[in-house]
Amino acid sequence: PRSQYAGNAQYWLGEVKLAQGDLQGAGRAFAQVSQSYPQHQKVADSLYKLADVEQRLGNAAKAKGILQQVVAQYPGTSAAQLAQRDLARLP
């Protein structure tokens with residue numbers, strides 16, 4: 001858990017769970033990145049993916065809040081650009 005690679009490993013665990021169709025597991029893994037490794041470079045991407053999971057689970061309001069967080073806290077990142085695009089598509 002203290003390895004320099006732990007944040008990446010946690011992020012990719014989320015990607016694997018997502019590919020397997022385990023939305024709950026993917027959501028937990030993506031959320032864990034920002035909780036356990038708040039300074040890691042994958043935090044913005046993890047939050048963006050978490051918003052995608054929440055959207056798929058039918059939690060549109062929660063997804064929107066996470067997307068807004070990505071835009072506000074990580075401006076200039078590719079995740080923020082994708083989040084901005086997704087926010088424009090939401091009602």
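Reader: How do the axes of α1 and α2 cross, and how close do they come?

Author: In this predicted model, helix α1 covers residues 6–19 and helix α2 covers residues 23–36. Their axes come within 7 Å and cross at roughly 165 degrees.

Reader: Are the two roughly parallel or roughly antiparallel?

Author: Angles over 145 degrees count as roughly antiparallel, and α1 and α2 are therefore roughly antiparallel to each other. The crossing of α1 past α2 is left-handed.

Reader: Which residues meet there?

Author: From α1, the residues are Gly7, Gln10, Tyr11, Leu13, Gly14, Glu15, Lys17 and Leu18. In α2 they meet Leu23, Gly25, Ala26, Ala29, Phe30, Gln32 and Val33. By type, the residues of this contact divide into eight nonpolar, five polar and two charged.

Reader: Which residues of α1 are buried, and what covers them?

Author: The buried residues of α1 are Ala6, Gly7, Gln10, Tyr11, Gly14, Glu15 and Leu18. Their cover includes α2 and also α3, which spans residues 43–56.

Reader: What about the length of α1, and what follows the helix?

Author: With 14 residues, α1 reaches 20 Å from its first C-alpha to its last, close to the 20 Å expected at 1.5 Å a residue. Gly21 follows α1 and has a positive phi, near 85 degrees.

Reader: Moving to α3, what span should its residues give?

Author: The 14 residues of α3 should span 20 Å at 1.5 Å a residue, and its end C-alpha atoms are 20 Å apart, which agrees. After α3 comes Gly58, with a positive phi near 90 degrees.

Reader: Which residues of α3 are buried, and what covers them?

Author: Buried in α3 are Val43, Ala44, Ser46, Leu47, Tyr48, Leu50, Ala51, Val53 and Glu54. The elements covering them include α1, α2, α4 (60–73) and α5 (78–89).

Reader: How do α3 and α5 cross?

Author: The axes of α3 and α5 come within 8 Å and cross at roughly 25 degrees. Angles under 35 degrees count as roughly parallel, so α3 and α5 are roughly parallel to each other. Here α3 passes α5 in a left-handed crossing.

Reader: Which residues make the contact, and how do they divide by type?

Author: Ala44, Asp45 and Tyr48 of α3 make the contact with Ser78, Ala79, Leu82, Ala83, Arg85 and Asp86 of α5. The residues of the contact of α3 with α5 divide into five nonpolar, one polar and three charged.

Conventions
Residues are numbered from 1 along each chain as its sequence is written. This is a predicted model: local features need pLDDT of at least 70, side-chain atom pairs count only at pLDDT 80 or more; totals for chains, interfaces and linings use all residues. Side-chain values use heavy atoms; hydrogens and water are left out. Axes are lines fitted to C-alpha atoms, for helices over the stretch in contact, and angles run from 0 to 180 degrees between N-to-C directions. Helices (H or I, at least four residues) and strands (E, at least two) are DSSP runs, numbered from the N terminus. Angles under 35 degrees count as roughly parallel, over 145 as roughly antiparallel, 65 to 115 as roughly perpendicular and the rest as oblique. A crossing is left-handed if the near helix is turned anticlockwise from the far one by less than a right angle, and right-handed if clockwise. Contact means heavy atoms within 4.5 Å. Ala, Val, Leu, Ile, Met, Phe, Trp, Tyr, Cys and Pro count as nonpolar, Asp, Glu, Lys and Arg as charged, and the others, Gly among them, as polar. The expected span of a helix is 1.5 Å times one less than its number of residues. Buried means under 20% relative accessible area, exposed over 50%, partly exposed in between (1.4 Å probe, protein chains only).
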